[in-house]
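Colleague: Could you walk me through reading a fold, going from the whole chain down to single strands?

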Amino acid sequence: MSNISPKLLSEIRNRFAQIDHCPQQGPRIFFENAGGALTLKSVVETSQTYAAIPDNQGRDNVGSHELVRVINKAKEAMRVFMNATSGQFFVGESGTELLFRLIMNACLGAGPGRVLGSSLEHPATRSACARWAGVAGQTHVLVPHDDATGTVTAEAYASKVTPDTKVATIVHTSPVTGMGVDVAAVSAAIRAVAPDCYIIVDGIQHAAHGRMDLTAYDIDGYVVSPYKVFSRHGYGVAWISDRLTKLPHNSLIDGPEDNWEMGTRDTGSYATLSDVVSYFEWLGEQVSDTTDRREKFIAAGEAIHAQEKVLTDAMIHGTGNLAGLKDMENVQILGGVDNPAREGLVSLTVSGVPSVDVVKALNAHGIRTHLRKADHYSGNILDPLGLDSCVRVSMCHYNSAHEVAQFLTAMKDISA
């Protein structure tokens, strides 16, 4: 049951830009959050402010000093938000670029052995592991995911990990099935056999749902794409452990040894991270009485999870007098009807109607969803299911039951 009341939901929605309309389309329902969440209004304002600033960091003037303060504030906010008691945060070109960079340096610095991942993962990690394991003379091994549940378990990893496993990757949430992975359990299974393995997590799809705890995960890298967690395009953010920090990596001659940033970064990207963290903190204050900052983030994550479960349950099982997807004869739901790993996303197909046409029909009803094809992005999930494509319907906590009802009304006609 959600503790986000209708009044609070209205306040939440008021904090996001273009919550119910598109400048090109007009009124619309946004169920394409997995492709990029809505942007906080505060992020839009902050981005405009910092785009006008000519100063660089590291100069001896008050403008430069302020930029350094803003960057340090954002890093500390991220540290509490994600419960990182050590290591460092830094920004890069994108989430994909950062995953490639972390995996490259882990593979090149770890020595001979195996690089372990799973078939559930986005190509950002699978491709990076395949390339850099090959360059480093390592063996790349994929743990098969469960086609029926759309996730991968710690037990599956345990069956493939060996003492010579030097690097391992985990996807926190699948962008195709929408199912989460128990990162802490997978990490523990890896470390039980290969305690010194470098473990890198793709948190890009998970971050908008909150509930991140880097200390509990016992990992070495975690990467987020901020445009998928209420910020904007144009940068990614990574956390790396102290021991990953110390591996050889690209850097300037005689520069700081622990610096992983390449060139002068946009201070506005850090400032918008602070906006995102502040939003989670505000939400935690609305749904709990705690005064502890970390506890506020935990409360916000729990509220988000509960609200998104209400929305996906309504979509699958129905709401009011509207039948849910499971009761629509021609609709098939990927990952099963009742799956506790689901995080705000329902992927589906409609018998007799190509998925591309379902997406177009929903667009005609003013409902934004996304087509996933059996290509280099999603073939690893769809090919084993015998599917050439599916429709991804992805929600976030700011979506409403009324929007779900409008979606079900449209789907009733489309799937008939």
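Modeller: Happy to; we will start with the chain as a whole and then turn to a few strands. Please keep in mind that this is a predicted model.

Colleague: What share of the residues counts as buried?

Modeller: Buried here means under 20% relative accessible area. By that cut-off, 56% of the 416 residues are buried. As for the surface, the accessible area is about 17,100 Å², with 52% of this belonging to carbon and sulfur atoms.

Colleague: And what secondary structure does the chain have?

Modeller: There are 14 helices and 17 strands. Let us take β8, residues 198–202, as a worked case.

Colleague: Which way do the side chains of β8 point?

Modeller: The general idea is that side chains in a regular strand alternate between the two faces of the sheet. In β8, Tyr198, Ile200 and Asp202 point one way, while Ile199 and Val201 point the other way. Five of the five residues of β8 are buried, leaving the strand mostly covered.

Colleague: Which strands pair with β8?

Modeller: β7 (residues 165–171) pairs with β8 in the parallel sense over five bridges, and Val171 stands opposite Asp202.

Colleague: Where should I look for an antiparallel sheet?

Modeller: Follow the strand order β13-β14-β17-β16, an open sheet of four strands with antiparallel pairing. To find the edges, look for strands that pair on one side only: here they are β13 (331–333) and β16 (370–373). On average, neighbouring strands of this sheet are turned by 35 degrees against each other, direction ignored.

Colleague: How many bridges join β16 and β17?

Modeller: Four bridges join β16 to β17, which spans residues 389–394. As a landmark, Lys373 stands opposite Ser389 in β17.

Colleague: Which helix lies across β14, β16 and β17?

Modeller: That is α12, residues 355–364, and it runs at about 35 degrees to β17.

Conventions. Residues numbered from 1 in each chain as written. Predicted model: local features only at pLDDT ≥ 70, side-chain atom pairs only at ≥ 80, totals over all residues. Heavy atoms only, no water. Pairing = 2+ DSSP bridges. Helix = DSSP H or I, 4+ residues; strand = E, 2+ residues; numbered from the N terminus. Axes fitted to C-alpha atoms, helices over the stretch in contact; angles between N-to-C directions. Contact = heavy atoms within 4.5 Å. Buried < 20%, exposed > 50% of the residue type's maximum accessible area, 1.4 Å probe, protein only. Areas by Shrake-Rupley, 256 points an atom, 1.4 Å probe, with all protein chains shown as cover.
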